[in-house]
Amino acid sequence: MFTDKDYSQMAEMGINPADVIGQLDSFKNGFPFLNIVSPATKQRGIKILSESDKLAAVRRYNSFTGSLCKFVPASGAATRMFKDIYDLFGSENIEDFESKPAAVNFFNNIEKFPFYRDLERIGAFNSEDKRECLKLLLEPQGLNYGQLPKGLLMFHRYNDEVRTAFEEHLHEAAIYSLSSDGIARAVFTVSPEHETLFKELSDSLIPVLEAKYGCKFEVTFTNQKKSTDTIAVDPDNKPFRLNDTSLLFRPAGHGALIENLNEISCDVVIIKNIDNIPMDRSLNENSMWKKVLTGTLLEVKDKIFSLIKSIEYEYNDQLAREIYSFYRDELSTDLPEVPDNLRRAFLMAKLDRPIRVCGMVKNQGEPGGGPYLVMDADGSVSPQILESAQLNFNDQDVVRKVKESTHFNPVDLVCYIKDHEGEKFNLKKFTDSETGFISEKSLEGRPLKALELPGLWNGAMSNWNTLFVEVPVSTFSPVKTVFDLLRQEHQ
């Protein structure tokens with residue numbers, strides 16, 4: 001199937017040919033739908049914290065002497081953010097263009113956008129044809145917003161400054177990813193072509209922010225690895241070849257970022273999307289909730305480590321029952337019964353895993369993966385974050401359970417990635433390879449199928465110990481389209 005040239009191409013990218021064969025099998029066989037037992041709700045699956053719970057969690061966070069780091073996926077281009085604006089260029093005449101709802105909305109609110117003054121500065125309003133303004137917004141001769149990543153776009157305007165999404169994340173890092181050594185750590189995944197721009201902006205911001213917050217910053221940039229790219233196929237599931245006969249490999253989605261997360265050496269990692277960032281007035285409340293989630297994570301970690309210590313030195317039937325109860329009552333996880341001679345090893349394997357606490361927001365019509373209780377391959381029923389592509393909507397029982405769901409995942413995760421001996425887990429050992437996605441694309445005028453790895457907070461973390469916690473909707477302010485910048489939380 002592959003030529004010497006193909007193997008050389010794989011070697012250059014760091015791709016294992018055996019992995020490519022496995023990916024081709026996935027295209028042929030597809031991925032199984034997940035077996036939902038029920039949606040996770042406040043009755044079972046999502047923990048509702050009392051005021052005393054929150055206060056205790058913040059105290060636990062404040063007394064933590066380990067290391068923290070903020071992890072922000074920030075490599076995606078903002079092209080989709082401007083889809084409605086790009087669509088306007090299909091208008092054949094100025095009258096048709098100006099009557100489009102997107103054009104009316106954009107220009108009626110033009111002064112409210114944080115990039116308004118930059119457009120003014122480059123003469124975007126000098127032409128009577130407003131399409132010229134949009135070209136200067138999106139194209140390289142202007143602000144080039146259509147090709148830049150979201151992190152480098154102006155998101156918020158204040159009285160005396162305008163901030164990018166990247167800068168706002170640094171302000172947050174100074175509040176809740178500040179370790180006891182006085183260093184605020186943040187890791188951003190960026191595309192190689194934009195890394196220099198991020199570094200230049202970071203270098204200019206850090207001295208100012210260090211003076212403002214009285215701490216040191218350690219900001220790191222990492223790229224999605226080419227070795228995680230997956231092969232594309234044609235409609236017949238044969239390797240898609242470009243016009244030069246080389247194989248086509250494509251980035252495997254955010255699930256590939258488990259490799260980047262795996263390189264972080266801190267104890268606690270706080271994960272948040274680049275576009276989910278509010279203005280300064282929400283900084284204290286949002287940061288408080290990150291501290292609450294972190295403190296809750298530390299409580300779960302302490303309980304699990306205590307159980308591991310007990311199972312190592314004094315295992316008995318009573319301890320086994322205690323562990324079963326802990327999973328059922330604290331983690332909404334039902335463990336299967338196993339033979340007596342296997343139970344100790346089984347329980348130890350369950351306990352000795354990375355831990356995550358995931359914030360869940362009540363459904364408000366926003367996009368996001370849903371929290372469910374799912375039957376696992378070993379017979380456990382555990383909390384999992386699922387995307388719609390993982391669900392069989394031809395099954396009316398699944399449709400009913402989805403309709404009964406009450407919360408969604410705004411990508412608000414706090415993770416503990418070291419074991420009870422302080423050694424870092426190899427996170428790649430805790431993924432579920434059976435939870436990928438297949439999507440249809442096109443290139444060079446030909447259809448193709450693309451494969452995404454299990455999502456970072458879906459299949460890539462499916463074998464972690466997991467707790468869902470309800471957080472307020474005020475902690476979720478995503479910018480999926482340019483018009484989201486007009487929402488109250490961004491004005």
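Colleague: Which residues touch the most other members in the largest nonpolar core?
Modeller: F82, F106, F115, F188 and F217 do, in a core of 53 residues. Keep in mind that this is a predicted model.

Colleague: What makes a set of residues a nonpolar core?
Modeller: The residues must be buried, of nonpolar types such as Phe, Leu and Val, and joined through side-chain atoms within 4.5 Å.

Colleague: What does F82 touch, leaving out residues up to four places away in sequence?
Modeller: F82 touches L137, L138, Y145, L153 and V482.

Colleague: Which residues does the second core include?
Modeller: That separate core has 43 residues, including V268, V292, Y327 and V469.

Colleague: How do you know that C69 is in no disulfide?
Modeller: A disulfide needs two cysteine sulfur atoms within 2.5 Å. The nearest cysteine sulfur to C69, that of C266, is 4.7 Å away. Therefore the pair does not count as a disulfide. A search of the whole structure finds zero disulfides.

Colleague: Why is C69 called buried?
Modeller: Its relative accessible area is 2%. The cut-off is under 20%, so C69 counts as buried.

Colleague: What about C358: buried or exposed?
Modeller: C358 is buried, because its relative accessibility is 0%. Its sulfur is 7.1 Å from the closest cysteine sulfur, in C415, which is too far for a bond.

Colleague: What is the span of helix 14 from its first C-alpha to its last?
Modeller: Helix 14 (residues 340–351) reaches 17 Å. For its 12 residues, 16 Å is expected at 1.5 Å a residue, and the span is close to that.

Colleague: Which residues of helix 14 are buried, and what covers them?
Modeller: R343, F346, L347, M348, K350 and L351 are buried. The cover includes helix 12 (283–313), helix 13 (317–330) and strand 18 (465–470).

Colleague: How do you know that strand 12 pairs with strand 13?
Modeller: Pairing takes at least two bridges. Six bridges join strand 12 (residues 370–375) to strand 13, so the two count as paired. They run antiparallel.

Colleague: What makes strand 1 and strand 13 edge strands?
Modeller: Strand 1 (35–39) and strand 13 (381–386) each pair on one side only. The open sheet has three strands in the order 1-12-13. Its twist averages 45° from one strand to the next.

Colleague: Which helix packs on this sheet?
Modeller: Helix 15 (residues 396–403) does, touching strand 1 and strand 12. Its direction makes about 30° with that of strand 1.

How values were computed: Residues are numbered from 1 along each chain as its sequence is written. This is a predicted model: local features need pLDDT of at least 70, side-chain atom pairs count only at pLDDT 80 or more; totals for chains, interfaces and linings use all residues. Side-chain values use heavy atoms; hydrogens and water are left out. Helices (H or I, at least four residues) and strands (E, at least two) are DSSP runs, numbered from the N terminus. Axes are lines fitted to C-alpha atoms, for helices over the stretch in contact, and angles run from 0 to 180 degrees between N-to-C directions. Contact means heavy atoms within 4.5 Å. The expected span of a helix is 1.5 Å times one less than its number of residues. Buried means under 20% relative accessible area, exposed over 50%, partly exposed in between (1.4 Å probe, protein chains only).
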